[in-house]
Every structure is written in structure tokens, then in C-alpha cells.
There are 2 protein chains.
Amino acid sequence: MDSLERMILKHGEVKEGNILKVDSFLNHQLNPEFLYKVGEEFYRLFKDEGITKILTIEVSGIALALMTGLFFKVPVVFAKKTVSLNLDKDIYTSKVFSYTKNQVYNIMISKKYLDKSDKVLLIDDFLAEGNAIRGLIDLTQKSGAEIRGIGIAIEKGFQQGGRMLRGEGYNLKSLAIVDELKPGSIRFRDQEN
Amino acid sequence: MDSLERMILKHGEVKEGNILKVDSFLNHQLNPEFLYKVGEEFYRLFKDEGITKILTIEVSGIALALMTGLFFKVPVVFAKKTVSLNLDKDIYTSKVFSYTKNQVYNIMISKKYLDKSDKVLLIDDFLAEGNAIRGLIDLTQKSGAEIRGIGIAIEKGFQQGGRMLRGEGYNLKSLAIVDELKPGSIRFRDQEN
């Protein structure tokens, strides 16, 4: 998605440790009109998959998933992060290892909002090692629902998450894939539309 | 807003301790088309206020604020909750007492995304005692920006937040005001459009 690459080049900040900050339009300040276009693009990419529900994870995935849901006209569910593992039987839980924070956290969704009749599109802002998406895949599998697509805004192509998920057959599409990240130099992978 | 009252009556769950759960369309599962209409309604209510920025707080305020920003065509900033008080000089911080969790947490925004030239609309999902909104007011005042409106989806009219804020002259509008909350009986305040 050319407009996302332009936004990253114009507003992204490269920090030590292969961190790409996009706080000005995606993670702290949100640009609603731009995110609307991102939602439209995810719709274009996955519209033939029979999607009945969109699943994301708080916090940064919510804005993207909501705009995508507007085009699909289906509900959006966001997995919640919890400190303690809730023993409530009405929820599905999983664990996610956070690479940037070097800690494990629990995520949960209510069983009410995902079941085996659902065809799910997973949405998230970043994909690096793939840990957050693995957590969403685990929650979806526990519900019996079917994963029909994974939509990512920014994939770090130099980390292994995307390659592994594609290798396992997931229908993963990233709007921008960053293959190299240096201060003053961000290189994107060429992608077909 | 009649459609919000209908959604609350149809999908809301009243829990002990004056808790109203609206997880099926606002707090865990999101209804994008309905939230789009909520954004349109906030726009109708505040469109003459010269709003340049919308400020909310993670997590539940984000969806509402984003949809509102789509109509205003202005950036949306969400305050982040932090465990430790970050001493970074580039942020504004405040403290919020959570009534439901009986604990104090810190909130912050980057100074880059709010300054004295801004005319701010504060948006949140619930207003009860008003603690979260007080935190957003504090952040806004620290930035020197001007608060031109406060938009709330669901106000608990039997708690004091709304009455006090209106008494102080804030331009506060709530789309639904719940005056009584009992299992099987939710009473709304009559409001002029």
C-alpha cells in the first residue's frame, strides 16, 4: 500500500533495536481518514474470504480492525490483555511473549463473541516474530472458528514471523513489509497488488 | 440518542454494584456500523466548536473517538495508561483513580500531539464519578490547549461526575444518561436534542 509506505517514510522514527515508531498516525495519535483507507485496503484484500468476524488485540490493533469492520459490516472483537490468568470458564485464554517488553502476558476473549461458525480475519498493526498473532491464532483455534486471513499493517520482513506463517499456509497479507530499518534508511519489499 | 438507548436496553447487562456491561457492542466486541453513527452524532453535537483535536483514553474510548475523528477530519490522540510514572520530559502526565478497580493509575500523552493552539473535544465511553475525564482535563490544561467540549456515550446520572462538570461550565453532552440501573430496569433521562 503506497500511501502507508509514504506515511512511514514521512512520519516514522527509527529507534535502536529495530524499533519503528509510528506514534503520529497509528499508535498514539491516530489519523482517522488514513486509517479509513487502510480499512478499505484490508477489505479489498480479503473481501472474498466470507469473513464473519474480525479479531484483533488491544491496544494498537483496535483502530485498524474497527475501520476494517466498517467495510466488512461484521463485528470486531479485541482480545484483552490481563495480568492474572482469569479462571472464568466463559473465556478463551492464551499467552503471548512480548519481545520488546521481555515478558509473558495473558490474553482473553469471551466465548460469547467467537464460535465455530465464524470465519475470522485477524488484524494487527505490527508483525515481527509473530507472537501476538500466534496468541490470536490460538484463541481462534480454541473457539473452533476458521482463520481465513491475517492482515498486518507493517511487517518487519527481517524478522521471522511473516515467513513462518506463510510457510504454514496462512493467508497473510501485509500492507507494507520493511526489509531494512536504519536511521535515515527504510527499505520496503516490492509487493504485487 | 435513541439508537444508543435501544442498544443498551437490548444488549446491556446490569451487574451488581451499578455496573452496566456493554461488552457486545462497545467494550469488547465492537459494532462498527453503530459506532460510525455514534461518531456522526458527536459531530452533530460539537461541530460548531472549532475542534482541532480529539482526546480520549485507552482502551474503551478509542473506537468512539476514532469514529468521531472521521467526521471532524482531525487527529485523535489517546492517553496511555502506564504503571510507572515516566519521567520523560516530553510527556504530560496525570493520575486517575479507578473506582471499579480501587487503584490509582498514571496516564500520559506525548507533548508532540497536544499544544496551546488546540481546541479539544474529550471523548469517553462512560462517565460516572468523572475520574477519567478529570485526568484528560488535567492533561489538556497542562498542554495549554482549550477544552471546547466533552462527549460521553453513557453517563451514569446517579453518580456525580456529570453534575459537577456541568456545574463548572464544561460543555458536556452525553448520548444516553442512565438515571436508574436495576436488573431488568434501566431508566433513561429525557434529553432535548
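Two strands count as paired when DSSP finds at least two bridges between them. I kept that in mind for this predicted model, and began with a hairpin.

**Entry 1: the hairpin in chain A**

I looked up strand β6 (residues 91-98) of chain A and found that it pairs with strand β7 (residues 103-110) of chain A in the antiparallel sense, over eight bridges. β6(A) and β7(A) form a hairpin with four residues between them. In that turn, A:Asn102 has a positive phi of about 55°.

Most residues other than glycine have a negative phi, and most peptide bonds are trans. I went looking for exceptions. A:Asn18 is not a glycine, yet it has a positive phi of about 60°. I located A:Asn18 in the loop between β1 (13-15) and β2 (19-21) of chain A.

Next I checked omega. The peptide bond from A:Glu58 to A:Val59 is cis, with omega near 0°. A:Val59 sits in the loop between β4 (53-57) and α4 of chain A. I then turned to chain B, where the bond from B:Glu58 to B:Val59 is cis as well, its omega near 0°. B:Val59 lies in the loop between β4 (53-57) and α4 of chain B.

**Entry 2: chain A as a whole**

I counted six helices and 11 strands in chain A. Along the principal axes, the C-alpha atoms of chain A fill a box of roughly 50 × 35 × 35 Å. Is the radius of gyration of chain A in agreement or disagreement with that of a compact globule? With 193 residues, such a globule would have a radius near 16 Å, and chain A has 16 Å, so the two agree.

**Entry 3: how the copies are related**

I superposed chain B on chain A: a rotation of 180° with 0.0 Å of shift along its axis does it, at an RMSD of 0.0 Å. The two copies are thus related as by a two-fold rotation axis. I also compared the two sides of the interface. The copies meet through the same surface, because 100% of the interface residues of chain B are also interface residues in chain A.

**Entry 4: what chain B brings to the interface**

I found 24 residues of chain B in contact with 24 residues of chain A. On the chain B side, the elements that give two or more residues are β3 (29-30), α3 (32-46), α4 (61-72) and β5 (76-82). The largest share, five residues, comes from α4(B). By class, this side of chain B has 14 nonpolar, five polar and five charged residues.

**Entry 5: strands across the interface**

Which strand of chain B is joined by bridges to β5 (residues 76-82) of chain A? I traced two bridges from β5(A) to β3(B), and these strands run antiparallel. A:Val77 stands opposite B:Gln29 in β3(B).

**Entry 6: helices across the interface**

Two packed helices are described by the angle between their axes and the distance between the axes. I looked up both for helix α4 (residues 61-72) of chain A and α3(B): they pack at an angle of about 105°, with their axes 8 Å apart. Angles of 65 to 115 degrees count as roughly perpendicular, and α4(A) and α3(B) are therefore roughly perpendicular to each other.

From α4(A), the contact is made by A:Leu66, A:Gly69 and A:Leu70, and from α3(B) by B:Pro32, B:Glu33, B:Leu35 and B:Tyr36. I sorted the residues of this contact into five nonpolar, one polar and one charged.

Conventions
Residues are numbered from 1 along each chain as its sequence is written. Chains are lettered from A and ligands numbered from 1 in the order in which they are written. This is a predicted model: local features need pLDDT of at least 70, side-chain atom pairs count only at pLDDT 80 or more; totals for chains, interfaces and linings use all residues. Two residues are in contact if their C-beta atoms, placed from the backbone, lie within 7 Å. Ala, Val, Leu, Ile, Met, Phe, Trp, Tyr, Cys and Pro count as nonpolar, Asp, Glu, Lys and Arg as charged, and the others, Gly among them, as polar. Axes are lines fitted to C-alpha atoms, for helices over the stretch in contact, and angles run from 0 to 180 degrees between N-to-C directions. Angles under 35 degrees count as roughly parallel, over 145 as roughly antiparallel, 65 to 115 as roughly perpendicular and the rest as oblique. Copies are superposed by least squares on the C-alpha atoms of residues with pLDDT of at least 70 in both. The radius of gyration is taken over C-alpha atoms; the globule rule is 2.2 Å times the number of residues to the power 0.38.
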